[in-house]
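Please examine the following model with attention to its sheet, its salt bridges and its surface.

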Amino acid sequence: MHEKVRNLSLSGAVGFDSLPDQLVNKSLHGGFTFNILCIGETGLGKSTLLDSLFNTNFNAHPSPHNLSSVKLKSNTFELQESNVQLKLTIVDTVGYGDQINKEESFKPILEYVDSQFEAYLQEELKIQRCMPSYHDTRIHACLYFICPTGHGLKSIDLLCMKKLDNKINIIPLISKADTISKTELQKFKERINQELVSNNVKIYQFPGDDEGMSEVNISMNNQLPFAVIGSNEFIKVGNKMVRARQYPWGTVQVENETHCDFVKLREMLIRTNMEDLREQTHAKHYETYRKTRLEQMGFSDVDSNNKPLSFQQTCETKMALHQQELQEKEEDMKQQFIVRVKEKEAQLKEAEKELQSKFEQMKEENTREKKKLEDHQKMLEDDITEFNRLKLNHVTQTLSGSHHTLSLGSLGKGKKK
């Protein structure tokens, strides 16, 4: 139950009216961070436009057209204007739209955007964190460059913007607007807006609740997508040097509002709504990602009875469930172990029986073979004994026959004498 707040009047100066000044001084001391994602096909003038927007030269290298997939290249720069410091990060989609199969061109971009949200979330969830010094790399603005065909959006444009419109602030731009006439350009804008509405693609809307800028912002919302031109060349027009593109038929001035919408883009993106883009990224897109991720982790603001639930209670409940799951898994593993041990014991016993059976069989065969050998040995011994007996008889007979022969011979000689 909320307590009723009373309004009181002060009898004198206190000093908390200086809080806005304190906030400004703190912000100036810490500096600001702004991150831009540029999406568009190679050669649409993304780098040149950013050089023109920030009135500097980021020395971007030309991108090749033969990459097999989309690569995201991030560069961070320290800029200073007066006493305001800005840490600007520019992320370029190298090779976007150069592949034959463009159906998955948006996936690396989507993964990059989510990875920056995830990095910020992990920093928030740390026990010991330092958010003021943390380099926030979440994308604050997405400049989507549309090829000036004059026929409408390509399928890759609609698919990519639809996948990203709930994650980042998309500002569609018609690049190289000096390649089509003003009449064609106006029809092209109308066709683009019709296709965005019919496909339910949500682009960033400049805020209309700011009392000082609501009328201007609402007017600028009606002029989206901005038709822009960029140039790194300076041409003397009158008594001053201006960014322009020189053609045989004339000169196109970048900052001339009758030539293109570059000034409108710079006013809306940098001078008027940069802080709103940062706030929308944190309060809307990041909060949506954070809510989804925490729900995936098992956290919730209410219990099963739809009653408020504190973060501590959620953690304790989650820990108790985790312990219960661990115990269940442990019990399940024990049961599986017991079953496997019993199965192994049964296998070993079966193997032991087989081995014992084979042993008995081999033992019987060995006994039979031994008996067979013993019988054969006995037969051989009997044969040897019989052979020796016959041999002895033969020798005896032979000796007896020789003695008888000798005796008869001696008798014969005696008679003759």
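The report below treats basis, sheet, backbone, salt bridges and surface charge in turn.

## Basis of the report

This is a predicted model, in which local features need pLDDT of at least 70 and side-chain atom pairs count only at pLDDT 80 or more, while totals for chains, interfaces and linings use all residues. Residues are numbered from 1 along each chain as its sequence is written, and side-chain values use heavy atoms, with hydrogens and water left out.

Helices (H or I, at least four residues) and strands (E, at least two) are DSSP runs, numbered from the N terminus. Residues are called buried under 20% relative accessible area, exposed over 50%, and partly exposed in between (1.4 Å probe, protein chains only).

## The open sheet

An open sheet with mixed pairing is formed by six strands in the order β2-β3-β1-β4-β5-β6. Its edge strands, β2 and β6, each pair on one side only. Two strands count as paired if DSSP finds at least two bridges between them. Strand β1 (residues 32–39) is parallel to β4, with four bridges between them; Ile-36 has Ala-141 of β4 as its bridge partner. Strand β4 (residues 141–146) in turn runs parallel to β5 over five bridges, and Ile-146 lies opposite Ile-174 of β5.

Strand β5 (residues 170–174) is largely enclosed by the rest of the structure, because five of its five residues are buried. Side chains in a regular strand alternate between the two faces of the sheet. In β5, Ile-170, Pro-172 and Ile-174 point one way, Ile-171 and Leu-173 point the other way, and all are buried.

## Loops and backbone geometry

Between β2 (71–81) and β3 (84–94) lies a loop that contains Asn-83. Ser-82 belongs to this β2–β3 loop; its phi is near 60°, a positive value in a residue other than glycine. Ser-82 is exposed at 69% relative accessible area, whereas Asn-83 is partly exposed at 48%. The C-alpha atoms of Asn-83 and Leu-28 are 7.3 Å apart, although 55 residues separate the two in sequence.

Asn-55, in the loop between α2 (46–53) and β2, also has a positive phi, near 55°. Asn-55 is exposed, with 56% relative accessible area. A cis peptide bond, with omega about -5°, joins Leu-224 to Pro-225. Pro-225 is located in the loop between α6 (214–221) and β6 (226–227).

## Salt bridges

A salt bridge requires a side-chain nitrogen of Lys or Arg within 4 Å of a carboxyl oxygen of Asp or Glu. By this rule there are 19 salt bridges. One of them joins Lys-189 and Asp-261 at 2.7 Å, N to O. This pair links distant parts of the chain, 72 residues apart: Lys-189 is in helix α5, and Asp-261 is in the loop between β9 (250–253) and α7 (262–272). Both residues, Lys-189 and Asp-261, are buried.

Glu-386 and Arg-389 form another salt bridge, with their closest N and O atoms 2.2 Å apart. These two residues are separated by about one helical turn, because they are three residues apart in helix α9 (residues 311–416). Glu-386 is partly exposed at 36% relative accessibility, as is Arg-389 at 41%. A network of salt bridges links Glu-124, Glu-287 and Arg-290.
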